[in-house]
Each structure stands twice: as C-alpha cells, then as structure tokens.
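Please view the sequence and the model first; the notes on them follow.

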Amino acid sequence: MVEHNSLTPSSHSPWFPLVMRMDEAACALVVGGGTVAANKAALLLATDARLTVLSPTLCPELTQHALNGRIHHVAKGATPELVAEHARHCRVVFAATDDRAINRMVAATACELNVPVCAVDDPEPSTFITPAIVRRGSVQVAISTSGAAPVLARRLREQIEALLPAGLDRLARFMQGAREMVGARHPTPDTRRRVWERFLDGKGAEQALAGEDDAARATLERLAGEDTGGGEVWIVGAGPGNPDLLTLGALRLMQNADSVLYDHLLPADILDRVRRDAERIFVGKQRNNHALPQPSINDELIRRAKAGERVLRLKGGDPFIFGRGGEEIEALMEAGVPFRVIPGISAANGCAAAAGIPLTHRDCAQSCLFLTGHARADGTLDLPWHTIAQRGQTVVIYMGLGGVESLCSRLVEHGLPPEWPAAMVEHGTRPDQRVITADLATLTAKVTEENFRSPALIIVGEVVKHRVISSNSPEA
Ligand code: SAH
C-alpha cells in the first residue's frame, strides 16, 4: 500500500569515519621530528597508546616528551626497512616529515603491511586522514571534509566549539553511569531511547551538565518510571526547499522521529537531516499523480502512532497552507492520536524573499492573497475573479504553473490591464532558482519559452516592479 522509496541519503564519500580504540595495548608510529610531527604526537598522547617517534632529530616539544619517557625515540632517518620494522606492530602510522617523498615512502611501506597510515597534508597515499577534533572529555566530535578543505574543517570546528557546552563530558559520564538502571527498566531499545531523549530534552540534562548528579538521577528515575509507549504524530513544515529555512523546532523533531512520511516537494538535502534510523516512507502527491490518496495517508499516520511510533509528517512549506495539514489533524483527532504542529516558511514567503519581491509595499499593495491555481479535472478554475482582479493588492498563486495561461487571461478579462506586472519563481530558495518577471500578457509565453517546471509560484501585482536582487539571492 505504501510506496517505500529507495531514496538514500545523498552523501557519498570514500572516507569512512570511525573511532578507534587506542589503549595501552596499541602502538602508534610517528615518522618525523618537527612541529607537524609534534602535533600528531600530541593527539596520540591524549590516548593511552604507546608512541614511537622515528626521526634523527627532535623539536623541543618532542625532546621534552622523550625526556619524560612519554615517547620512545628512535634517533634514525626513515628507511623502508626501519619503517616496516616499527610499523608492523602499530595500529596507526603518521608520516609527518617535511619531505613529501619520505612521507610517501612511509605510506607505501605501511600500506604494504596493511597498517592504516596518514601522510600529513597528502590524502592521496593515505589510508586515513586526521579529522579536526572538538573534545569535551569522552565526547569527541571529529570533522572531515574528506581531505578536500582542511581550512573549512577548522572553521566548522570553531563553530562547534562554541556550540557544545563545557559540561558535556559530565553529562556523557552521568548517562553512562545510569545506563544499567534505564536498561533494566526498559529492555526494548525503542522505549529506552525515548527515556533518554526525554531526559535530554528536559531539565535532567541541565542538571547533569551542571554536575548536580543526585537531582539528575531523580529526574531520570521519574522518566524511566513513566509510560513511554504512546505514539504521536508531528506535522512539520519543512519550508520551501532550502535546508537553511528549516526551523529549530522542525530540526529537533526530525532528529527524534521513528518514521517519516514525506511527499515529492522535499529535496534530499532536507531528508538527510532526518534521524538516520528513521523509516522513510514516500507518499507522493504530485499534480495528477497522487501516489497515496489522502485517506490512506491519514490511516498510515494513525496506524503507526497507535503502534507507538513517533511519526513525522514532513511537508513542503507550511502544513496549513495548501498542505492538507488540516485534514490530517481532523483524522488524528477523530482517532484520538496526539499530535503537534510545527509551522514552516511557506513558498510565498520563501520565494518572495529569495526573488527579492516584497509581497506588500506601501506604495502599491495593502493586502496579499494566497490562492491555489490547481484546476479541476475538466481544466476549469473556480475562483472569485472579481476579488482577485483588484488593484492595490498582491496575488500569490500556488500550483498555478499548469493553468498559467488561463489565470492570466481571466485576470485581464476581469479588469486588470494586460501590462499588469506578473512573475514566476521556479524552485524558489533553492540554488537552481529561476525567476521570470513579465506582465499578464507575456508571462505565459516566457514561461513556455524558458520551460519552467514544478514547483513554481506565480506572483501578480505591482510589487513585482519593486524587485531587487539581494546578496543572498541564489541569482546574486
Ligand atoms: N504547503 C506548501 C504548498 C504546497 S502546494 C507551502 O506552504 O509552500 C505546492 C505548491 O507550492 C507548488 O505547486 C508551488 O506552487 C508551491 N511551491 C512550493 N515550494 C516551492 C518552491 N520552492 N518554489 C516555487 N514554488 C513552490
């Protein structure tokens, strides 16, 4: 009944991030004795691994480590034999001399032995690369650009540094200490995850971050005793297609959902932000191609929520603007399923801003109408033309691409001049956004000529004349 889309996250990379155990049983080799080598040594010295440094000379920092017995120094130049002798026992090797040819020799030797090796600043011969790292004790965030842009990785690290609270390590340790208690009360992974999510969303996390472990434990025990079984439906607006326009509320629910029902308006880079393990169900809904009829979508939402899932109904734009969110809510209420609604930026707002067309402007528009241009099966448009064909207002038409010709001629028939300004925005807010500005007489021809595709939005009114291209417009 439900079409399961094979759509997987769009991201693909030949570099796989993992977190490697580096305990006392592990050895690591750094080849090189300068500051670059010292930086890599510092990373390894933050673990429990035993570290050998192979280099004829050492910089002051490494000399100090050698004197303190923290590293084993082999004071020789790197040869394939020597590298092989040491690398053979190692879990990782860093080639960190200032000579690219030597680094490549080290990399080739380690590769031969199947030992993971990183040649510094040289991804090509490397079998791993070192990420930029943000550390809060046991919590570590590693950032990789797959070797493409180390400066970008460092910039992201700064941003994440600013984001992560200082007490994160305390929180992680608290959660580790309480795992057994929660696990004993909630043997199934799903309800266990919900207890932890409620804990993280509530005051318990604040208490643990602040080091108030007794209070945090009391909070957690209360949560673990509550019934977490009830499912819910979250009706969430995802905005017009640019992930930057997701709300924080939408993102949070996207991260917590067990399953997501989405339609064709949602691009992959928004779906990628849904929790990775959530089941993804494509329910279609395209003009004249309803992959799943609305009653079946309602039934599916209800069925899943009653089975205890937290179901995300992710919709383009705002759920209550031509989004049939209202119908879904009525069905949920009738079935007694709890729900939440998160608004989204509607296509009208998003496209207008991204195209630089103010929807109202003191000089020419005191009101703004949102209409659907979706024609009936027989091709006719049943709209209150006399209210729409008015000066002093802006008319925004959703789903109007197919009926653009008829829309424009009706507006002229009902009194607007043929030279009345009109625009169409295709893929608004997305990097491939296109905009046509024309008038009621010429819009159709231009749209046909430019071969505009769905989704596209029509804006009619004198505000189109006030169009400006801002520096964050996709066309700037
Ligand atoms: N609930 C949505 C509208 C769904 S109806 C909202 O609030 O935006 C689908 C119509 O919305 C499309 O036919 C198109 O007219 C418009 N639309 C949605 N996203 C758009 C985009 N990125 N660019 C242009 N039009 C868009």
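In the classes used here, Ala, Val, Leu, Ile, Met, Phe, Trp, Tyr, Cys and Pro count as nonpolar, Asp, Glu, Lys and Arg as charged, and the others, Gly among them, as polar. By these classes, the shell around the ligand holds 12 nonpolar, five polar and one charged residues. The model is predicted: local features need pLDDT of at least 70, side-chain atom pairs count only at pLDDT 80 or more, and totals for chains, interfaces and linings use all residues. Residues are numbered from 1 along each chain as its sequence is written, and side-chain values use heavy atoms, with hydrogens and water left out.

**Domains**

- The domain assignment of the protein chain gives domain 1 (27-130), domain 2 (168-225), domain 3 (232-345) and domain 4 (348-466); such bounds come from an automatic or database domain assignment.
- The centres of domain 1 and domain 3, taken over C-alpha atoms, are 51 Å apart.
- Domain 3 (232-345) and domain 4 (348-466) each give at least three residues to the shell around the ligand.

**The ligand and its surroundings**

- There are 18 residues around the ligand, of which P240, I321, S346, A347 and A456 come nearest; a residue is near a molecule or strand if one of its heavy atoms lies within 4 Å of it.
- Polar contacts are pairs of N or O atoms within 3.5 Å; within protein, one must be able to donate a hydrogen and the other to accept it, and residues adjacent in sequence count only if both atoms are side-chain atoms.
- A backbone N or O atom of G316 is 3.1 Å from a nitrogen atom of the ligand, and a backbone N or O atom of G428 is 2.8 Å from a nitrogen atom of the ligand.
- For A456, a backbone N or O atom lies 2.7 Å from an oxygen atom of the ligand.
- On its own the ligand has 550 Å² of accessible area, and the protein covers 92% of this area; accessible areas come from the Shrake-Rupley method with a 1.4 Å probe, and for residues only the protein chains shown count as cover.
- The elements that give two or more residues to the shell are α14 (347-355) and β17 (456-460); helices (H or I, at least four residues) and strands (E, at least two) are DSSP runs, numbered from the N terminus.

**Salt bridges**

- Side chains of opposite charge can pair when their charged atoms come close.
- A salt bridge is a side-chain nitrogen of Lys or Arg within 4 Å of a carboxyl oxygen of Asp or Glu, and the whole structure has 28 salt bridges.
- The side chains of D190 and R193 form a salt bridge (3.7 Å, N to O); both residues lie in helix α7 (residues 189-201), three residues apart, about one turn of the helix.
- D190 is partly exposed because its relative accessibility is 42%; buried means under 20% relative accessible area, exposed over 50%, and partly exposed in between (1.4 Å probe, protein chains only).
- D258 and R310 pair through their side chains in a salt bridge (3.5 Å, N to O).
- D258 lies in the loop between α10 (248-256) and β9 (259-263) and R310 in strand β11 (residues 310-315), so this pair ties together parts that are 52 residues apart in sequence.
- D258 is buried at 10% relative accessibility, and R310 is buried with a relative accessible area of 9%.
- Another salt bridge joins the side chains of E328 and R313 (3.0 Å, N to O). This pair links distant parts of the chain, with E328 in helix α13 (residues 325-335) and R313 in strand β11, 15 residues apart. Both E328 and R313 are buried.
- A network of salt bridges links D190, R193, R194, E197, D258, R275, D277 and R310.

**A buried glutamate**

- E426 is in strand β15 (residues 421-426) and counts as buried at 3% relative accessibility.
- A polar atom of the side chain of E426 lies 2.7 Å from the backbone nitrogen of R453.

**Backbone geometry**

- S454 and P455 are joined by a cis peptide bond, with omega about -5 degrees; P455 is in the loop between α17 (443-449) and β17.
- R324 is a residue other than glycine with a positive phi, near 60 degrees. R324 lies in the loop between β11 and α13 and is partly exposed at 31% relative accessibility.
- T429, also a residue other than glycine, has a positive phi near 75 degrees. T429 lies in the loop between β15 and β16 (434-439) and is buried, with a relative accessible area of 5%.
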